[in-house]
Amino acid sequence: MVDAIPTAANPVSKFRSPATVAVDNLLRKTLRVSDPRDPDQIANALLSFYPDEADRDRRERAGLPYSSVPDYVPLAKNSGPSSVELAQAQDDLERDLQTLSTSSPLKDIRIEMIGWGRSIRQIATEGLAAARLALDSVNHDRAMSARRQLGEYSRLARYVGTLTDGSAILFRRFAQSCDVLAGLILVAIGEGLASSGITRSTSIVRSAAGELQARRNAVIMALRSLTGSVESSLGQEDWPRGIEAYRNLVRQLEEGGQADLRALLEESALSQAMDDLVDLSTGASVEGLRELSTASAMLVHRFQRLIQFGQSIHVPIKIPITFGSPESPPLVAFVSSLQLFVDAFVSQGSSRLLYVARPPIIVYGLYGAGGADTGADRLMKLTIARGLLLEQVDCFAGCGCDDDEINCQVLLDYMLFLVDRAIDLYAVGTDPDGVGEQEKRAAAVGLAVGAVLALTDQANNPPLLECELSVKLRETLGDISRELLGPFAGLVPPPGDASQALMVRELRIFYQAESQTERLVRSLTPQCGFDVFNYSNSNHSLIRWMIRWILNNTLQEPNVDLPNPVQMPSPIASSMASMGQNRPDFWSAG
């Protein structure tokens with residue numbers, strides 16, 4: 001069957017097969033076009049995708065021999081992280097991997113080191129390649145994932161090196177190379193955004209083109225189900241939930257004078273409004289994204305008002321409330337699918353990495369008249385403090401094999417790892433005041449850093465941990481803790497607070513991840529009898545003991561090991577009311 005050609009009144013025909021839609025999404029992602037059915041866009045995208053062939057065609061049209069030497073075009077010298085810094089970082093990594101895989105003291109784990117090298121080379125290559133295309137949400141996520149994996153290898157290398165006599169310096173140099181590459185990924189993301197013309201006011205949609213199109217199609221299908229335009233017949237005992245809800249919704253919009261919202265219930269008008277947003281966000285054009293920052297605010301506001309009206313519609317069905325809220329599943333599906341489409345434009349991506357990749361002296365005027373927001377300013381301070389902390393931790397290393405010194409080294413290396421995770425959270429934050437969900441999760445790192453200062457305070461009699469930290473190191477740790485906890489007045493939120501729930505959840509994730517890391521470290525290090533895996537005869541490692549100490553003494557959350565209980569789903573009518581209509585779940589409440 002030949003696919004029907006869509007028109008303005010029917011952008012996505014119901015006769016188009018899923019394979020056709022998949023091909024369109026592939027063309028959007030590969031050629032970076034907003035409308036794969038536009039021949040002009042496809043032609044221009046192919047010319048950009050194959051520049052050599054395009055140049056041959058141009059010379060042939062001009063009457064020139066296309067097989068001759070091409071015209072000389074002076075190339076701009078790339079001074080970003082893809083040149084000198086990247087070449088140096090990759091060379092350092094190769095040297096460190098070669099040293100680890102050929103070192104005589106590490107011959108027992110030579111195969112494991114070779115495996116590390118193969119995996120890390122692939123991660124670094126894919127991460128840097130994706131970072132240069134970070135304007136695309138999929139590549140941005142891949143780049144951040146590669147940075148996280150490099151950080152985990154760095155953390156693992158320091159852990160193994162600390163517990164391996166005579167080879168600590170080799171592992172620490174290797175960890176430093178991983179850290180540099182992980183940092184270059186952040187810089188490359190910022191470089192890619194800056195070179196594309198992104199500013200602080202630019203809207204960055206963190207949803208793939210195919211996903212946006214799928215959300216758009218789901219809204220249209222839900223509208224058809226609501227209005228009864230789909231070919232389906234009701235039985236003699238079926239209640240017309242969709243038609244009844246649609247009738248009440250139209251009546252309330254007319255009585256409320258919401259003519260603009262009434263127009264959105266027409267399939268052609270709704271699809272055109274959504275297509276305008278999809279075209280601006282998937283055209284791979286910075287100009288389109290900058291237009292989106294203003295256009296989306298007005299269009300999304302109309303959608304949100306329609307969602308609010310849809311959530312307040314009552315369908316008069318005479319069913320006792322004990323059997324669930326008598327709502328309309330077609331209306332709930334329409335409201336939920338429209339909210340899913342709107343969410344892609346409300347939660348915009350972060351452009352804070354611009355201020356990591358560009359010198360602060362040129363930020364004002366080039367990347368937004370307002371300069372860096374509060375979160376971006378704190379991100380820059382964290383990156384500087386992280387470098388100072390690394391310098392002090394490396395100076396602390398290599399002091400011997402005493403149990404207390406080993407414990408302190410493991411603890412400080414873990415703080416380096418957590419600070420990197422806090423930087424990652426701030427890098428993707430979007431709240432202009434720096435108090436969003438990402439910043440609240442990063443505050444859990446501030447609690448961990450503060451716990452290290454409290455546990456190693458020599459003023460205690462006796463101190464819980466015998467760590468002789470230098471004054472400069474304690475000052476650096478204190479600055480990081482205050483920077484992370486500062487937005488929340490430096491205080492621990494009360495029990496039951498949403499901020500505390502996020503911190504507890506983040507600490508639980510740290511706890512579970514550390515348990516997995518310890519099993520791997522035990523298999524790579526000699527068993528020298530260090531008490532780092534059984535600190536103070538507590539049957540817990542030092543890191544997990546510290547996290548439990550934070551949860552018990554700071555957050556009053558004693559149940560660390562208990563998994564989250566499985567929640568049984570409530571009846572369909574009740575759960576749909578709770579999810580789509582913003583109403584309480586009567587099954588759970590009763």
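Me: Before we dig in, what counts as a salt bridge here?

Reply: A side-chain nitrogen of Lys or Arg has to sit within 4 Å of a carboxyl oxygen of Asp or Glu. Keep in mind that this is a predicted model.

Me: OK, so what makes R95 and D91 a salt bridge?

Reply: Their closest N and O atoms are 2.9 Å apart, and the cut-off is 4 Å, so the pair qualifies. Both residues lie in helix α4 (residues 84-102), 4 residues apart, or about one turn of the helix.

Me: Why is R95 called exposed?

Reply: Exposed means over 50% relative accessible area, and R95 is at 55%, so it counts as exposed.

Me: And why is D91 put in the partly exposed class?

Reply: D91 has a relative accessible area of 34%. Buried would need under 20% and exposed over 50%, so 34% falls in between.

Me: Which residues does R441 pair with?

Reply: R441 meets E437 in a salt bridge (3.0 Å, N to O), and R441 also forms one with E506, where the closest N and O atoms are 3.0 Å apart. E506 lies in helix α20 and R441 in helix α18, so this pair ties together parts that are 65 residues apart in sequence. E437 and R441, by contrast, are 4 residues apart in helix α18 (residues 437-455), about one helical turn.

Me: How do you know whether R441 and E506 are buried or exposed?

Reply: Check them against the 20% limit. R441 is at 13% relative accessibility, so it counts as buried, and E506, at 11%, counts as buried too. E437 is at 42%, so it is partly exposed.

Me: Then what makes F303 and F341 edge-to-face?

Reply: Their planes are at 75°, and edge-to-face means over 60, so that's the class. The ring centres are 6.2 Å apart. F303 lies in helix α12 (residues 286-311) and F341 in helix α13 (residues 329-346), so the pair ties together parts that are 38 residues apart in sequence. F303 and F341 are both buried.

Methods
Residues numbered from 1 in each chain as written. Predicted model: local features only at pLDDT ≥ 70, side-chain atom pairs only at ≥ 80, totals over all residues. Heavy atoms only, no water. Phe/Tyr/Trp six-rings, centres within 6.5 Å; stacked < 30°, edge-to-face > 60°. Helix = DSSP H or I, 4+ residues; strand = E, 2+ residues; numbered from the N terminus. Buried < 20%, exposed > 50% of the residue type's maximum accessible area, 1.4 Å probe, protein only.
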